[in-house]
Amino acid sequence: MPLSAVEIIGYRSVRKIRFPVRQLTVLVGGNGVGKTNLYRSLELLQAAARGTLADEIAREGGLASIFWAGGRNLSPDGSFDPMYRTDGYRKDEGNKLRLAASFADLGDGSFDPTYRLEAGFPAKTEAAFPGEAQVRTESLDWQQRGKTVSLMERKGGVAWARDASGRREVANDDLLASETALAALSGRSEIALVRDGLVAWRFFHGFRTDAESALRRPSRAVTAPSLASDGSNLGAVLATLHHIRGDRIDLDRAIEDAFPGAELVIPEVGEFASFGMRYAEMPKRVFEPHELSDGTLQFLALAGALLSYRLPPFIALNEPENSLHPNLLPMLARLIVKAAERSQVWVVTHARDLADAIAAESGVLPREVVRDDNGTWLEGLGNLGEFADD
């Protein structure tokens with residue numbers, strides 16, 4: 001099920017936003033406008049599916065660090081209202097993080113679910129550590145003949161779901177504040193479909209290219225259908241394309257475009273799988289991963305992520321242009337557009353040259369990320385969550 005829309009309320013620079021997500025989504029903007037916060041919100045949705053949302057928020061410094069903290073005393077219509085605090089929330093609402101993801105089925109409209117969650121500080125009477133993110137509410141709904149059907153609902157420590165006959169029943173009455181019902185109730189088929197889809201997403205937020213980088217070390221000789229987020233199985237991903245699939249046409253074309261005259265060498269696999277580069281000016285020598293430049297290694301990792309044997313259903317790239325020479329951006333754009341033929345791809349970038357190159361290859365219009373007193377927003381997005389030019 002592809003992601004069709006996302007809603008984010010109260011997360012860092014994002015006060016409130018809902019916008020559609022297409023097969024290929026490109027967000028571009030300068031530093032500090034909140035691009036990474038949009039990307040990071042998707043990671044939090046995946047963490048909810050894994051049951052690790054509280055851990056992820058704790059790693060960011062806890063709820064106090066992630067809540068929206070901008071704005072002025074303005075009501076929703078933009079006028080001054082003392083009932084609205086300087087952080088943009090009503091005084092009687094309190095700090096809350098709300099996330100929602102809507103999905104589309106294969107096209108017949110039979111199952112278009114929406115998952116929502118709300119997290120906040122625990123009450124003094126609730127079983128949670130001070131400052132720990134508590135999942136207050138969750139829901140999973142879908143539309144049937146114009147009506148909303150509830151598949152799962154959670155309030156506090158109690159979650160309800162539908163049984164085999166469609167009747168509502170208590171599915172779990174002992175959920176901890178740090179647990180999500182989406183993960184705890186994943187044994188139920190419709191819930192599992194959404195949960196597994198979220199877990200299968202893959203995020204790439206730059207690759208380490210220093211001397212201790214996993215990219216510079218051989219990987220275990222295990223067939224690898226897709227690249228790990230840290231790139232630690234890059235050697236196995238490339239070897240899978242070469243030795244298992246027996247098709248590296250797109251990979252070789254990408255290498256030739258990026259490094260004219262060079263050859264990607266993928267040796268026979270023993271206990272480990274590795275790779276190297278042979279250059280036209282030094283044809284008798286293969287340069288091993290530990291010898292390659294940061295930019296070359298970064299490009300090879302992106303090629304592995306976007307051309308692997310079996311792509312994840314959703315790929316999110318955060319500033320993939322880092323460490324790349326500007327001359328490589330058109331080649332990266334072609335890789336991204338090619339991947340979007342097999343997977344849903346989300347790109348966040350501050351490189352307008354990359355956004356323009358993707359647009360030239362695909363016809364997909366990049367969306368400009370902006371920020372003002374009301375937080376992070378997308379140019380052209382209406383208040384109903386649609387773009388005027390869609």
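Reader: What do β1 and β2 form, and what does R12 have in the turn?

Author: β1 and β2 form a hairpin, with 2 residues between them. In that turn, R12 has a positive phi of about 50°. Before going on: this is a predicted model, where local features need pLDDT of at least 70, side-chain atom pairs count only at pLDDT 80 or more, and totals for chains, interfaces and linings use all residues. Residues are numbered from 1 along each chain as its sequence is written, and side-chain values use heavy atoms, with hydrogens and water left out.

Reader: What makes the phi of R12 worth a remark?

Author: R12 is not a glycine, yet its phi is positive. Most residues other than glycine have a negative phi. S323 is another such case, with a positive phi of about 75°; its place is the loop between β16 and α9.

Reader: Why does R12 count as partly exposed?

Author: Buried means under 20% relative accessible area, exposed means over 50%, and partly exposed is in between (1.4 Å probe, protein chains only). R12 has 28%, so it counts as partly exposed. S323, at 47%, counts as partly exposed too, and P2, in the segment before β1, is partly exposed with 32%.

Reader: Which residues does P2 touch?

Author: Contact means heavy atoms within 4.5 Å. Leaving out residues up to four places away in sequence, P2 touches S102, F103, A104, D105 and Q344.

Reader: Why is S41 called buried?

Author: Its relative accessible area is 0%, so S41 is buried. S41 sits in helix α1 (residues 35-50) and touches I8, Y11 and L99, again not counting residues up to four places away in sequence.

Reader: What makes β10 and β19 stand at the edges?

Author: They belong to an open sheet of 6 strands, in the order β10-β16-β17-β3-β18-β19, with mixed pairing. β10 (202-204) and β19 (375-378) each have a single partner strand, so one side of each lacks a neighbour in the sheet. From one strand to the next, the twist averages 20°. β18 (residues 367-372) and β19 pair antiparallel over 4 bridges, and D372 has G375 as its bridge partner in β19.

Reader: Why are α7 and α8 called roughly antiparallel?

Author: Axes are lines fitted to C-alpha atoms, for helices over the stretch in contact, and angles run from 0 to 180 degrees between N-to-C directions. Under 35 degrees counts as roughly parallel, over 145 as roughly antiparallel, 65 to 115 as roughly perpendicular, and the rest as oblique. α7 (residues 249-258) and α8 (residues 294-307) pack at about 150°, with axes 11 Å apart, and they are therefore roughly antiparallel. Where they meet, D250, L251, A254, I255 and A258 of α7 face F299, L300, A303 and L307 of α8.

Reader: How do you know that the buried residues of α10 lie on the same side?

Author: In α10 (residues 352-362), L354, A355, A357 and I358 are buried. Those four cover an arc of only 160° around the axis (directions from the helix axis to the C-beta atoms), which puts them on the same side of α10. The face turned away carries the exposed residues D353 and A360.

Reader: What do the buried residues of α10 pack against?

Author: They pack against β3 (24-28), α9 (329-339) and β17 (344-349). After α10 comes G363, with a positive phi near 80°.

Note on methods. Two strands pair if DSSP finds at least two bridges between them.
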